Amino acid sequence: MKFTLTPFTKKEKDFHSTNLDANLASNIWRKYEKQKPLFARPLSRSLMRINLITLLLGLGLSQVDANTYAQQISLKKQKSSLESILRNLEKQSGYSFFYKKNEINQIIDLSAEIKEMPFKQALNVILSKANLSYDFFDKTVVVKKNTERPKNLAMVTSQAERIISTMQQQYVKGRVIDNEGKPISGASIRLKEDARKGVITQPDGSFTLPIYSLNEILVITSLGYERQEIKASLNLEKMIVRLKKQENALEEAVVSTGIFKKEDKSFTGASRTITTKELRQYGARNLVTSLRNIDPSFNIIENNLFGNDPNRLPEIQMRGNSSIPNVNEIQSESASQLNTPLIVLDGFQTSLQALIDINENDVASITLLKDAAATALYGSRGANGVIVITTKLPRPGKLRLSFGSELKVENADLSAYHLLNARDKLELERITGLYDSPNASTDMPNKRYYNFLLDEVNSGVETDWMAIPLRTSYALRSNLRLEGGDNQFRYSAGIQNNNTAGVMKGSSRNTLNGSITLSYTYKNLIFRNYLNINNIKNQQSPYGSFSDYFDLNPYWRPYDKDGNVNKVLGDPGTTDYSNIWTTLPTNPLYNASLKTFDKGEQTDITNQTAVEWSIQEGLRLIGKFSFTKSDKQSDAFKPAEHTDFANYTGVDVFRKGAYWIGLNRGMKYEGALNLSYSKKIKEKHQIFVGTEANIFQDNTSQLTNAAEGFPNSDLDFPSMALQYMKDGKPSGNEYYYRTVGFVGNANYNYNNRYFIDGTFRMDGSSQFGANKRFAPFWSAGLGWNLHEEKFFKKNEFVNRLKLRGSVGTSGSTKFNTYQALTTYGYYTSDRYYNWLGAYILGLGNPDLKWQQVLKYNIGTDIDLFDRYVTLQANYYIENTNDLVSSVNTPASTGVNYYTANIGKLRNKGFELYATVYLMKKPTGLTWSLSGSVLHNKNKVLETSQALKDAQKTLQGDLYNANKMYIEGYSSNAIWVVPSLGIDPSTGKELYLAADGTPTYTWGSKDVTAVGNTDPKVWGNFNTMLRYKGFTFTASLGYRFGGQTYNRTLAERVETSSYKYNVDERVYTGRWQNPGDYAPFKGILNTNPTYKTSRFVQDENTIYARSFNFQYDFRYMNWVKKIGFENVNIGLDVSDPFIISSIRQERGTNYPFSRQVTFSLNATF
Amino acid sequence: MKKHIILASLVSSLFLGSCNKFLDVLPRTQIPADKLFDSEQGFKDALAGVYISAKSSASYGKALTFGTLESLVSSWDVTTNTVEQQLGLFNYSDNRVIDQFNAIFAKQYATIASINSILQNLEANKSVFKTEGVYQVIKAECLGLRAYIHFDLMRLYGPIPSDPSTGNQLAYVTEFNREIHQHISYEEFKSKIFTDLKQAEELIKEFDPMLTYSMNDVRNPNGFGSNYKPLDDFLSYRNMRMNYYAMKALEARASLWYGDKDNAYKAAKEVIDAKDSDREAKFKLATGKEFTATNYILTSEQIFGLYAFDLAKTYTDNFGNATYRKGTSATTITNQLYGNTGTDFRESSLWNIVTLTSGSKYNVIRKFWVTADNVTVLTDYKQLPMIRTSELYLILAETAPFNEGVEYLKTFRTNRNISSLTIPGDVPTLLNEIIKEYRKEFYGEGQAFYAYKRLNIPKPQIVFAPSNAVVNYLLPMPTVESIN
C-alpha cells in the first residue's frame, strides 16, 4: 500500500509515471498552484541526467523539397554567438533549428558575412566553422556535432534504422490522461516559445511532438482541464502528462448525454452536470434528495401522506407535468409515475429505484437533461426529461482502497402536530355534550363513563400516542472500494451496505450492493464491463399507519397494570360506554404486538458491457449491451388473532389468519451500436456526427397469491394455510414490450463562435399498432459564444457569454399498452358450460399516435469577473400535443370509450441559477453563494369529453379537493366551492354559488378553481464556506406564491365527532356564540365539512434542506505518515426545520424526519 | 453507384422488416383481435365469451330475469326508498333506477359489439374454418343472438307496439367500430330483426344437430344412450345455444310483439310440432315429474337457456338470503298469484319458506334453486330460461283461431295441473287468462313486464302493483347513450 510520494528525488530509472499520477490526483488543490508549474524544477533536474539522444523517426520524412533550400539568405554578424546567428537564420528562412544547447553555447565568437546565398550553402558556411553538421527534417534543421553518432535506437523499425544514419530528429512521445487515467483526446501540446508548433493528441491520448531543444517547455491544454506546463522529457518511457480537471469548469466542459458526449462549448441544450463531491456536500439522505438540493428543477413532489417512509418511491418531475392520467387512471397510483423522468445509467435505461439504491461511491457524475436538444436523443422516452448517471472508471495505479462509513440518526419531525392534552380533550367532549342525553336511562351511564375517564385523567393518564410507534432510529451505511491496474487493464470493485431504518418502529430498508468494473485497452480497442448486484430487504412497520395513532385520546391507557397491551381502549369494565361506542375502539398496538409482518426481498443483477473501437482519429464505434434481471418476493402475514378477523364466526373461524405472497420478475435487455465522428477542419470548423441504433426489451410480471386459515401464529409459512383465500384467485399482471430506435445527431461549430446542432430519432415500439409503429422525433439548436467574438474579447469582465436556443420533440410512452389495437382477454373466473370465453378488452384505435411534447428553450451561460460570478438562465415552453386520452362513446358502440390523441397541455417557465464567489483564495478562505429561482406555469389546453365526464365524480366529491384536469386551468389547481366564511350569527358556513349569490347549501356545480398548488417561484439558496480542509455547506429550499388545501383544518379541526383527539384549534378557532367571528364552523355543528376555499391557504415555505460540515485531513502530515492518502470526516443535518405560512399536519401515514449523519471516508 | 443504392435500400428494407418482426411481441394477459381470430378455436372462444357476457348479472344473469325487470312489476317485497321500490313505482328519474337501466343498456350493446366483432372477422378469416358446419353455426348463432338482444332492447326501451310513434328509437348495430350508430325507426328496426333471423335460420338449418337429434341426445354427446356422436363437442349442447328452434321461437315471440299473428302462429307451431326420430314431440310441456325431480327451472322446456355454472351461488346470494322474497308466508302468493287452486304445480312446488339466522322467515321462490355439484348431464339444471315451450303454447293460444287457441290453453293448464279452471268463452277472456298465465308462468323470468307492455295493460291488472304506482311502459333514453 505504500508508495513513493516524492519521485523526483529518485533516479530516472525509478521514475514511474504512476507515482506521479497518484500524487497529482490526490491533490485537489492543484488548480490553485498553476502559477508555479509542478514539474518545472524537479523534473528538469532529473531530465538533465537523461541521455539526450533519443532519436525517433517517422516514415516518409526524408522527402524534402529541394527547391526550398534555394532560399536566399543574407547575414552580417561579428563575434556573435552561434545561437543568435541560428536564430537569425530561423527568422529569415522560416526553418526551425534543433540543437543541443550545451553543444552550441560555447561558440560565442563567430563572425559571418553572407550575401544573397542559398540557405543550404549558407548553413554549410556557418556550421563548418563550428565543426558542426546538419540534417534537414521537414521544416526543421537538426544541428549536430560532426562526430556524434546516434546511441539509443530502441523502438525503431528496421526501415527507420536505415534513415537514422542520415537523419536524426528528437521527439517527445507520450500520453495525456486525466485524473482517472482516461486518455484525453484532442488535447493540444505546444511549445511555449512558439505556439505555432504543436500537435493534438490521438483518441488514446498519445502524441508525438518534434522538439528543437531540450529546454523547451511544453504547454498542454485541453478544454475543461487545467493548463499545464512541463519540460520536455526524452525518456524512453513514454512521458505521461496528467491533466487535472478544472473544478468549476467541469460541468461546462463535457455534457454526457448518455448517448454522445457533447462539448459544452458547442452544446445548444439546457443541462446541468453534478459531481459526486457536490452530491455529498448537499445532503446525506439519498441521491435523489441531494440532487433536488442542488438543482430544484429536479423536483420531488412532497407526499404529505407518506413522509419519509424509506420504502416509498418519491414522485419526481422535471419542469412540471407533461402527461395527464387517463380516465381509468385518475384515481390510481400509476398517475404519479407518469411524469417521472427517464433515468439512464451509462447509456442504458434504468429505474428510479436504481437511482435511489445505487452505491454513491460508484457515481462519477449525474447530468440532468431538460430541453429538446438534449432529450430528443431519447425520442419517445425523453418527454419528462432525462437523468444521466455516469459511473466512475477505475483509476490506474497500485491497489487503492477507499472506505466510507456513515452513521445515520433519524428522528421524527412532529412539529406540525398540535393536539389537545388529556384534560382539555375530555373537557372538549363534555362541553360539546358527548355525555349528555335527554333520556335519564342513558344519561346515567354516560355520566358514569365520563367520570371514569375523568378519574383516569386525574390519576395522571396522559398517553403520548404519537411516540408509541416511533423511535429514534440508527442506521449504518458503509462502503468499500478497491481499484487499480495499469493503463491497459484496470479494475475496481465496490461494495455498499446501506441500512435505512425509518422512524416508525420496525420499518427498514437494507440495501446490499456490489459492483465490479473492468476496463481493458488493447491497441485502439477499449473494453469495459460493469456488473452490479443489488439486494434489497425491506420491511414495513408492524405498527401500521401512523394515522392510527395520532388521533387516539390521550386519556386512554395503552397497557394494563401488568404492562400487557390492552386489546380495546377506554374499557371501564362495565357497559357504561355503550351509548358512546357501540364497540370500543381497538388498540392498534394490539395488532402490532402480534406476529404480523409485511416484508420483501429483491435482487437485481445488472451487467453492462461496452466495446469502443477508435477506427481512426475522430472516428469511434461503440457497441454496448446491458441486461437487468430482477426478482422480488413480498410476504405479508396477519395471524388469526388479528382484529381484521374479529367478525369471522361459525365455520369461518378456521379461515382466520391470512398470508399474501407476491412474486415480481423482470428481465430487461438493451443493446446499442454507436458510431461517431468528429473532425476539425482548418482550425475553424469543428464538426461532429453521431448515430446510434438501439434495441430494448422489457418483460415484467407480477403475481400475488393469498391463502387463509392459519391455526397458529408460529406456523406462518404459506403451506400451513387451510386453503387459498375464499373466492380468491391468483392476481397480477404482465407486460412485455420491445422498442427499437435510430438516432442521428450532427453538430457544426464555426471557430468556437457559432454552432448549430440537429437531432433526428426514429422510434418503434411493440406497443403500437402496425400502421403507427414508428414515430419520428427531432430537435434543432443554435448557439453563439459571444465571448469568442473579437469585439467582445477586449472586455475584461466577461469570461464567457453563451447564447443558445433549441426546439424539438420528444415523447412519452408511459401509458397503457395496446390501446391502438382491439384486444381480447380471457375470462378467468367465468365460463360457459365447458367452454372458456374471450371478451373484448377495448376498442382499438389504429390512428393512435405517440404522445409528443414540443419543447422550446432559450438560455444563456455567463461567467463574469474571472469566474467569480457564473449565471445560467433558461426560458422554456413545453407543449404536450396529442395527449393520449379517452373519448366517450354512446353505449350502443358497445364500449364505454376508446383512446385517441385529443388532449393538449402546456408548461411555461424559467430557471435562473447564479453562483457568486465572495472570496476565492486558493489556500485561504473560499466563500460562495449560489441560488436559483424557478417558475413554471402549467395549463391544460384541451381534454377529451370522456376525461371531463370521468372527473365529474371528482368534482362532486364532497370532502377531497382532488386534482382535476380542466381546460384553461393548471393541472395543479385546487377545486373547491368558494366560501364567504362562517356566518357569525349561526356558526354555519356561507358559500358563494356560481351565480354570485350567497348560500348555505354546498353544490358541486359551484366548484371552481381557487388557488394552485404550484408555487409562483421556488428554488434554493446554498452557501459554501471553505477554509483549508474545512468545508461548510448549507442548503435551503423555498417556495413562494402557491396555495395548499389544508386538510388538517378540514378534517381535524372542523371535525364533527369529538370521539378521537383533535387539533388544538378546535378549542381556539371554532365558533361558539352568536356574534363570534371565527374561522371555523360552530363547535356543536355536526354537519359534515365540505371542500371549500376556507381551507385553501397561501403557502410560503422555507425548507432547511441540509447543513453539512466536512473536514479533510489531506494536509495533515500524519495522514500520509500512517499510510493514508486522505481522510475526511463529515456531519450532515438533513431537514432540520421548516418555516411555513401554513400549519398543517405533515406525514400522516408515515411521519417526516430529521436526520443527522456522521461520516468518515478514507483512502489509502 | 446505382448498385450501391439498390444494395443499401435492400439492406435497410430487410432491416426495417426484421425490426417489425422484432416488435411483434404479445403480452401474456391479452391477445390482439386479429391474432385471436386466426384459428377456429379463437372464434369458438369469442362465441363462448358472448354467452358469458349474456349471462352476466347486468344482463340475463339477473337484471333481465329476476332483477330489474321483476322489480318493475313488483314481484318482490321492497323496503322504502330503495331502488327496487322506485322501480316498482316506475320512477324513471331516480338516479339509481337510471343507473340500472344504463347498465342493462350498456351491457346489451356490449354483447352485441362482441357479436359484431366475431361477424366482422368471420368473413375476413373464413379460411381458418376446417370443421364442417362450424362457420355456419357460429355465424348463425351470432346473427340469431344479435336479433334476440336487439329485440329485447326494443321491447324494454322502445315504444308500446300499439303506438310505435311515441317512445325511443334505437340503433340496430351491425358493425363494431368507432362510428356513432344511427337510431333508426321502429319499422326499420323490426325489419333488421327479421332479416338477421331469416339469414340465421337459413344458415343453421343444414348443420344444427337439434333438427336431427333429440334434446337429450345433443345434451349428452357421445354419451351412453345418445345417438348423437359428433367429432366436435362444439356443435353439441344445442339447448344452451342459439339453435334453430330458438330462432323460430324468437320469430314467434317477435312476430306477436309486432302484431303479425299469422307468422307468430306459424313459427310457434313449427317448434311445437317438431318431432324427434321416435315420433315424440321435440319440445314437450313439463309435468309434475319435473317439479318432483326439483327441476324447478324446467330445463326440459327450455328451447334456449343460458348455462350458468354459478347459479347455485346466484340463488344463495339473492333468494337463499331472502333479498328477493314475497311475503313472510305463502298466503300472498297462493291467493293473489295462483288463485289458491291447491293443485297448481307452481303453487305447490315453486315456493318455500326460508329461515334466516336472525330467525326471520320469508316466502322465497326456488325456481333458481339448483344443486351445485354431483350432477349428471340430465340432472344439471343450472340454466337461465331464455325462451320456453310454455311461452309458445301461450303464443299459440293467443294467435290461433279462437277454438284452437282454447285447446292450447287447455293443454297448457293440464300440464300445470290446473285443468279445473274455467274455460274462457270469448277472445277477451282468453286473452285475460293468457296474461294471467304469463305472470304465473314466468315469475322471476322477466317476461311478464313485456307481456304487460305489449298489451299496454292498465295498473289494476298488474298483479302486486303498488297503489301509488303510475304505470309507465316508456323508459327514457338511457343517459349512457345520449353522452357524446
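Select A:K904 to begin: it is partly exposed, with a relative accessible area of 33%. (Buried means under 20% relative accessible area, exposed over 50% and partly exposed in between, with a 1.4 Å probe and protein chains only.) This is a predicted model, in which local features need pLDDT of at least 70 and side-chain atom pairs count only at pLDDT 80 or more, while totals for chains, interfaces and linings use all residues. Residues are numbered from 1 along each chain as its sequence is written, chains are lettered from A and ligands numbered from 1 in the order in which they are written, and side-chain values use heavy atoms, with hydrogens and water left out.

**Salt bridges in chain A**

A:E942 and A:K904 form a salt bridge, with 3.6 Å between the closest N and O atoms. (A salt bridge is a side-chain nitrogen of Lys or Arg within 4 Å of a carboxyl oxygen of Asp or Glu.) A:E942 belongs to strand β41 (residues 925-942) of chain A and A:K904 to strand β40 (residues 897-920) of chain A, so the pair ties together parts that are 38 residues apart in sequence. (Helices, H or I of at least four residues, and strands, E of at least two, are DSSP runs numbered from the N terminus.) A:E942 is partly exposed at 34% relative accessibility.

Next, select A:D716 and A:K595. These two form a salt bridge in which the closest N and O atoms are 3.8 Å apart. The pair links distant parts of the chain, 121 residues apart: A:D716 is in the loop between β30 (685-708) and β31 (723-724) of chain A, and A:K595 is in the loop between α16 (588-592) and β27 of chain A. A:K595 counts as partly exposed, at 37% relative accessibility.

**The nonpolar patch of chain A**

Show the surface and select A:F489, A:Y520, A:Y522, A:L525, A:F527, A:V611, A:W613, A:I615 and A:L675, which make a nonpolar surface patch of about 730 Å². (Patches are made of residues with over 30% relative accessible area and no salt bridge; like charges are joined within 9 Å, and nonpolar side chains, namely Val, Leu, Ile, Met, Phe, Trp and Tyr, within 5 Å. Accessible areas come from the Shrake-Rupley method with a 1.4 Å probe, and for residues only the protein chains shown count as cover.)

Which strands each supply at least two residues of the patch? They are β25 (508-522), β26 (525-539) and β27 (597-616) of chain A. The largest share, 3 residues, comes from β27(A). A:F527 sits in strand β26 of chain A and is partly exposed, with a relative accessible area of 34%.

One more stop in chain A is A:I1129, in strand β50 (residues 1126-1134). A:I1129 is partly exposed at 36% relative accessibility.

**Helices of chain B**

Move to α16 (residues 389-399) and α17 (residues 402-416) of chain B. Their axes come within 7 Å and cross at roughly 150°. (Axes are lines fitted to C-alpha atoms, for helices over the stretch in contact, and angles run from 0 to 180 degrees between N-to-C directions.) The two helices are therefore roughly antiparallel. (Angles under 35 degrees count as roughly parallel, over 145 as roughly antiparallel, 65 to 115 as roughly perpendicular and the rest as oblique.) Their crossing is left-handed. (That is the case if the near helix is turned anticlockwise from the far one by less than a right angle; clockwise is right-handed.) In α16(B), 11 of the 11 residues are buried, so the helix is largely enclosed by the rest of the structure.

Then select B:E40 and B:K44, whose side chains meet in a salt bridge at 3.6 Å, N to O. They are 4 residues apart in helix α3 (residues 40-54) of chain B, and so are separated by about one helical turn. Both B:E40 and B:K44 are buried.

**Two loops of chain B**

Most residues other than glycine have a negative phi. B:Y237 is not a glycine, yet has a positive phi of about 50°. B:Y237 is in the loop between α9 (215-219) and α10 (244-257) of chain B. Is B:Y237 buried or exposed? B:Y237 is buried, with a relative accessible area of 8%.

Last, select B:R279, where phi is positive and near 70°. B:R279 lies in the loop between α11 (261-272) and α12 (288-292) of chain B, and is exposed, with a relative accessible area of 67%.
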